[in-house]
Amino acid sequence: MKPVTINTLQQHKQDGIRFSCIAAYDAIFARQINQAGVEMILVGDSLGMVLQGHNSTVPVTITDMCYHTQAVARGNQHAMIMADMPFMTYSDTKSAVITATALMQAGAHMVKIEGGQWLCDTISTLVCGGVPVCAHIGLTPQSVHTLGGYKVQGRNKEQAQQLLDDAIALEKAGAQILLMECVPASVAARIDKALAIPTIGIGAGAQTTAQVLVLHDMLGLNPQPAKFVRNFMLDADSIQQALSHYNQAVIEGEFPAPEHTFK
């Protein structure tokens with residue numbers, strides 16, 4: 001396969017083709033994810049909870065993120081690598097430039113940042129500097145203490161409108177992808193329709209351009225999975241087969257099913 005680029009994913013959006021993304025953190029799984037045909041790997045700060053045992057993503061450092069981005073890059077063949085900018089490393093534009101530089105030099109092809117319209121200037125600066133950006137709205141895990149827990153966002157009319165306004169502003173600022181987490185399916189569908197850029201959903205219904213799950217969740221290793229998680233190992237004989245089933249289920253629109261979404 002040819003290397004996946006932002007142009008590849010933009011064309012998927014235009015053509016109505018779904019694609020899949022998996023959050024992973026090391027070289028051996030990066031290789032298996034590539035072999036399954038998955039087009040994007042997220043090196044997520046979820047590693048703080050999945051690998052390090054923390055109860056949030058807040059303790060994750062830029063050193064952690066660079067280490068795992070380098071590991072994934074070594075095992076990668078064609079997938080596009082997106083890396084999270086960790087907590088408080090992009091609170092101002094200067095800090096964001098330093099953080100994004102470190103992640104891109106570690107092997108990322110794109111960075112992801114959490115937040116709404118307050119990020120517009122930062123996104124514009126990064127994109128002008130050659131850094132592709134994915135904006136993350138809805139449930140933003142780094143703000144878990146401000147949000148009062150891991151709660152679905154956008155359930156009332158005002159919150160839904162704010163998410164839409166944020167999404168449009170972030171796209172205008174230069175974001176090339178928008179990720180929506182734990183958003184009612186109807187709200188996510190409305191936002192996806194309003195944008196020209198690809199959207200990625202996690203707990204955001206089936207109408208986004210792509211879906212993302214954490215590797216360990218989709219392999220059934222989390223004893224308390226979230227509502228939006230499906231265990232793809234249940235009908236697979238191997239990890240490789242589970243990864244392929246996930247990729248195919250996303251492309252064909254079989255995942256997420258209604259039971260994995262919020263109203």
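How many aromatic pairs does a search of the whole structure find? The search finds four. The model is predicted: local features need pLDDT of at least 70, side-chain atom pairs count only at pLDDT 80 or more, and totals for chains, interfaces and linings use all residues. Residues are numbered from 1 along each chain as its sequence is written, and side-chain values use heavy atoms, with hydrogens and water left out.

**View 1. Tyr90 and Trp118 form a stacked pair.** Rings of Phe, Tyr and Trp (its six-membered ring) pair if their centres lie within 6.5 Å; planes under 30 degrees apart count as stacked, over 60 as edge-to-face and the rest as tilted. Here the centres are 6.3 Å apart and the planes meet at 10°, so the pair is stacked. Tyr90 sits in the loop between β3 (80–84) and α5 (93–106), and Trp118 in the loop between β4 (110–114) and α6 (120–128), so the pair ties together parts that are 28 residues apart in sequence. Helices (H or I, at least four residues) and strands (E, at least two) are DSSP runs, numbered from the N terminus. Tyr90 is buried, at 4% relative accessible area. Trp118 is exposed, at 53%. Buried means under 20% relative accessible area, exposed over 50%, and partly exposed in between (1.4 Å probe, protein chains only).

View 2. Phe232 is in the loop between α10 (215–218) and α11 (239–251), and Tyr246 is in helix α11, so the pair ties together parts that are 14 residues apart in sequence. Phe232 and Tyr246 are both buried. Ring pairs link Phe232, Tyr246 and Phe255 into a cluster.

**View 3. The structure holds zero disulfides.** A disulfide here is a pair of cysteine sulfur atoms within 2.5 Å. Cys66 is buried, at 14% relative accessibility. For Cys120, the closest cysteine sulfur is in Cys128, 13 Å away and also too far for a bond. Cys120 is buried, at 15% relative accessibility.

**View 4. The largest pocket holds about 640 Å³ of space.** On a 1 Å grid over the protein atoms alone, a pocket is an open set of points with protein on both sides within 12 Å along at least five of seven lines; lining residues have an atom within 4 Å of a point. Its volume is the space filled by probe spheres set on the points, which are joined across faces, edges and corners. Of the 34 lining residues, Ser46, Glu181, Val214, Asp217 and Phe228 are the closest to the centre. The largest share of the lining, three residues, comes from β8.

**View 5. The second largest pocket holds about 240 Å³ of space.** Of its 16 lining residues, the closest to the centre are Tyr90, Glu114, Gly115, Trp118 and Ser143. Strand β5 (133–138) and helix α8 (157–173) each supply at least two lining residues.

**View 6. Helix α1 (residues 6–15) has buried residues Leu9, His12 and Lys13.** Down the axis of α1, the buried residues fall within an arc of 100°, so they line one face of the helix. The arc is that of the directions from the helix axis to the C-beta atoms. The face turned away from the buried side carries the exposed residues Asn7 and Gln14.

Note on methods
On a 1 Å grid over the protein atoms alone, a cavity is a set of points where a 1.4 Å probe fits but cannot get out, and a pocket is an open set with protein on both sides within 12 Å along at least five of seven lines; lining residues have an atom within 4 Å of a point.
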